[in-house]
Amino acid sequence: MTAQGYDAMADLYAEMFTDAYQYPIERQAAAAFAERVTAGGASGVVLDVGCGIGHVAADLTRRGLDVIGLEPSAPMLAHARRAHPDLTFIDGDALLAAVPEEHEIAAILARFSLIHVSPPDVAEALRVWAQRLPAGAPVLIAVQASDEPGPPIPFDHAVAPAWRWHPDELAHVLDVHGFAEEWRIVYRDPGYRFPMVQLLAHRR
């Protein structure tokens with residue numbers, strides 16, 4: 001679960017991505033996720049996996065969630081901590097090894113971070129999430145998508161190795177590891193080469 005590319009690009013990333021969301025539909029998906037977490041009533045923290053410079057974690061905090069950001073890139077973590085000194089950010093990745101077992105986890109968000117995790121390691125991460133989450137707990141995953149059904153497709157991401165997922169394949173791997181899809185949003189930008197998907201599921 002590499003952080004090297006983001007280590008080198010952290011300053012530029014912070015300059016380029018000043019808003020937590022690039023498209024209104026992403027803000028709406030995050031709002032729906034926050035409402036789902038609140039409605040579920042589970043105690044515990046919400047993990048923002050691959051939180052980057054922390055602006056999504058900050059938005060979810062403003063929406064009333066108790067958020068911990070996980071980020072393996074030290075320079076990205078430094079940006080997050082400077083920008084949001086009142087929030088908690090820790091050096092960690094999708095396998096959640098940095099999150100103490102005694103921490104109750106209410107939900108998990110992974111926005112465009114699992115794209116940098118190899119498909120076998122995504123499966124392992126979901127297995128860990130299923131172990132750590134209570135029944136009914138929601139997860140929201142956002143990835144660059146593929147129009148072609150089948151396994152994830154490697155693509156030439158500007159920062160680090162990455163994979164695109166067909167939404168059905170993403171739903172399938174979630175299902176195999178104990179998660180049931182609730183909804184998905186597939187969207188496109190004429191100025192961007194790939195579709196994107198936001199998929200919300202819950203721990204069965």
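Author: UniProt positions are given here in the numbering used for this structure, feature names are shortened, and annotations may be inferred rather than shown by experiment. With residues numbered from 1 along each chain as its sequence is written, the unreviewed UniProt entry carries the annotation "domain: Methyltransferase" over residues 46–133. The model is predicted, so local features need pLDDT of at least 70 and side-chain atom pairs count only at pLDDT 80 or more, while totals for chains, interfaces and linings use all residues, and side-chain values use heavy atoms, with hydrogens and water left out.

Reader: Why is Pro195 called buried?

Author: Buried means under 20% relative accessible area, exposed over 50%, and partly exposed in between (1.4 Å probe, protein chains only). Pro195 has a relative accessible area of 3%, and therefore counts as buried. Pro195 lies in the loop between β8 (179–187) and β9. Leaving aside neighbours within four places in sequence, Pro195 is in contact (heavy atoms within 4.5 Å) with Gln144, Ala145, Asp147, Val186, Tyr187 and Arg188. The C-alpha atoms of Pro195 and Ala145 are 5.2 Å apart, although 50 residues separate the two along the chain.

Reader: What makes helix α3 (residues 55–62) mostly covered?

Author: Of the 8 residues in α3, 6 are buried, namely His55, Val56, Ala57, Ala58, Asp59 and Leu60. These buried residues pack against α2, β1, β2, β3 and β4. Just after α3, Gly64 takes a positive phi of about 100 degrees.

Reader: What makes a set of residues a nonpolar core?

Author: A nonpolar core is a set of buried Ala, Val, Leu, Ile, Met, Phe, Trp, Tyr and Cys residues joined through side-chain atoms within 4.5 Å. The largest such set has 40 residues, in which Leu47, Val49, Leu96, Ile108, Trp129, Leu170 and Leu174 touch the most other members. Elements giving two or more residues to this core include β1 (45–49), α5 (119–132), α6 (167–176) and β9 (196–203), and α5 gives the most, with 7 residues. A second, separate core of 22 residues includes Tyr21, Ala57, Ala107 and Leu200.

Reader: Why is the pair of Arg36 and Glu182 called a salt bridge?

Author: A salt bridge is a side-chain nitrogen of Lys or Arg within 4 Å of a carboxyl oxygen of Asp or Glu. The closest N and O atoms of Arg36 and Glu182 are 2.8 Å apart, so the pair meets the definition. Arg36 belongs to helix α2 (residues 24–40) and Glu182 to strand β8, so the pair ties together parts 146 residues apart in sequence. Arg36, at 21% relative accessibility, counts as partly exposed, and Glu182, at 34%, is also partly exposed.

Reader: How do you know that Arg132 and Glu101 meet in a salt bridge?

Author: Their N to O distance is 3.6 Å, which is within the 4 Å limit, and the pair therefore counts. Arg132 lies in helix α5 and Glu101 in the loop between β3 (88–90) and β4, so this pair ties together parts 31 residues apart in sequence. Arg132 is classed as buried at 14% relative accessibility, whereas Glu101 is exposed at 64%. The whole structure has 11 salt bridges, and Asp168, Glu181 and Arg184 are linked in a network of them.

How values were computed:
Helices (H or I, at least four residues) and strands (E, at least two) are DSSP runs, numbered from the N terminus.
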